[in-house]
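Colleague: I am new to this structure and would like to discuss how its chains meet. May I put some questions to you?

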Amino acid sequence: MATDLISARARASFERIFQRAAQSRLVRNAGDAVQIDAMQTLPEEDRSFDAVAAEVVVLTISSIAFRLVLLLRVQHDAATQAYYVGDAARTLRETFIEYGNLCCGAINQELIGHFPDLGMSTPYVLSARCVSYLDALKPAYQAMYAVTIDGTVPLQAMICVCANTPVDFMADMSAAVEESSGELEFF
Amino acid sequence: MANILVVDDSSTVRDEVAGFLRKNGMDVDTAVDGKDGLAKVRANPGVKLVISDVNMPNMDGLTMVEKIRGELGNKTVNVVMLTTESSPAMKDRGKAAGVKGWIVKPFKGEAVLEAFRKLAA
């Protein structure tokens, strides 16, 4: 079965890597609180036609062994607008696309240590209706999370991993990894 | 003519990086992808420093650098990649194309400001 292709410790590793990426990259200010709760099913409102008005930011990380799809959805409400955009003259959509890019980038950076052949997509925006079709990808691993940033900003995140061959690896399971981003490495 | 060019398909990143450098007294232009960046370097051969993303539509950042060095014959402009990518293979391609340095996002302006001043001088 496809679901047997990803080992238990690989699943735990994908989860831990996502949690670290979300905690470090989905926040506007370092140290802002991030609450991540696993969800078992989509909220009712996302299973109705009303979901067509919502959008998700989608990024993929591909290797020979697997494809990881990360979907992130924000509410277009005042709290989210204030948190991510503030007074800047740009849209929440434009702004959040880059946060999604940074989050997936952090996942990519950790996975590179285990899978050297990775490639990451640029972010793209799809209707949230696509979420109900994810099963068509026959993912070997799928997880959904309700994420709350700074106590006021609600997000949803989904990770789907489609595997072509058995995937087994063990990530660093500590709460945080050493941060080296932002430094200029001279060649 | 600006002596620094910031190339990124994200307006958020262009605003953040160019805004920070301008606030610190530097003259900065921006481009939205590798194709636009190549055109701007072609039009302004006096640019001293290009700060570029890797993954962009139309033309990626490393292809842009290869064309700056090859098609334009510009061997002197300093190029620093600002990207979420960190793979050794990608950095090797950058080195081979004559990239001077590599920064993994997110951008932390204070950490690189003096280095950028020297590269743009």
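Colleague: What ipTM does the predictor give the complex?

Modeller: The model is predicted, and chain B averages a pLDDT of 96. For the complex, the predictor gives a pTM of 0.90 and an ipTM of 0.90.

Colleague: What area is buried between chain B and chain A?

Modeller: The contact involves 28 residues of chain B and 21 residues of chain A. In chain B, the residues that lose the most area to chain A are B:T12, B:T84 and B:P106, together 22% of what that side buries. Carbon and sulfur atoms give 57% of the buried area, which is about 2,200 Å².

Colleague: Which residue of chain B forms a salt bridge with A:R90?

Modeller: The rule finds 3 salt bridges across the interface of chain B and chain A. A salt bridge requires the nitrogen and the carboxyl oxygen to lie within 4 Å. For A:R90, the closest N and O atoms are 3.2 Å apart, and the partner is B:D15.

Colleague: Which residue of β5(B) is the bridge partner of A:L184?

Modeller: Among the elements that give two or more residues to the side of chain B touching chain A is β5 (101-104). This strand pairs with β8 (residues 184-186) of chain A in the antiparallel sense over 3 bridges. In β5(B), the bridge partner of A:L184 is B:I103.

How values were computed. Residues numbered from 1 in each chain as written. Chains lettered and ligands numbered in written order. Predicted model: local features only at pLDDT ≥ 70, side-chain atom pairs only at ≥ 80, totals over all residues. Heavy atoms only, no water. pLDDT = per-residue confidence, 0-100. Contact = heavy atoms within 4.5 Å. Buried area = accessible area lost by both parts, 1.4 Å probe. Salt bridge = Lys/Arg side-chain N within 4 Å of Asp/Glu carboxyl O. Helix = DSSP H or I, 4+ residues; strand = E, 2+ residues; numbered from the N terminus. Pairing = 2+ DSSP bridges.
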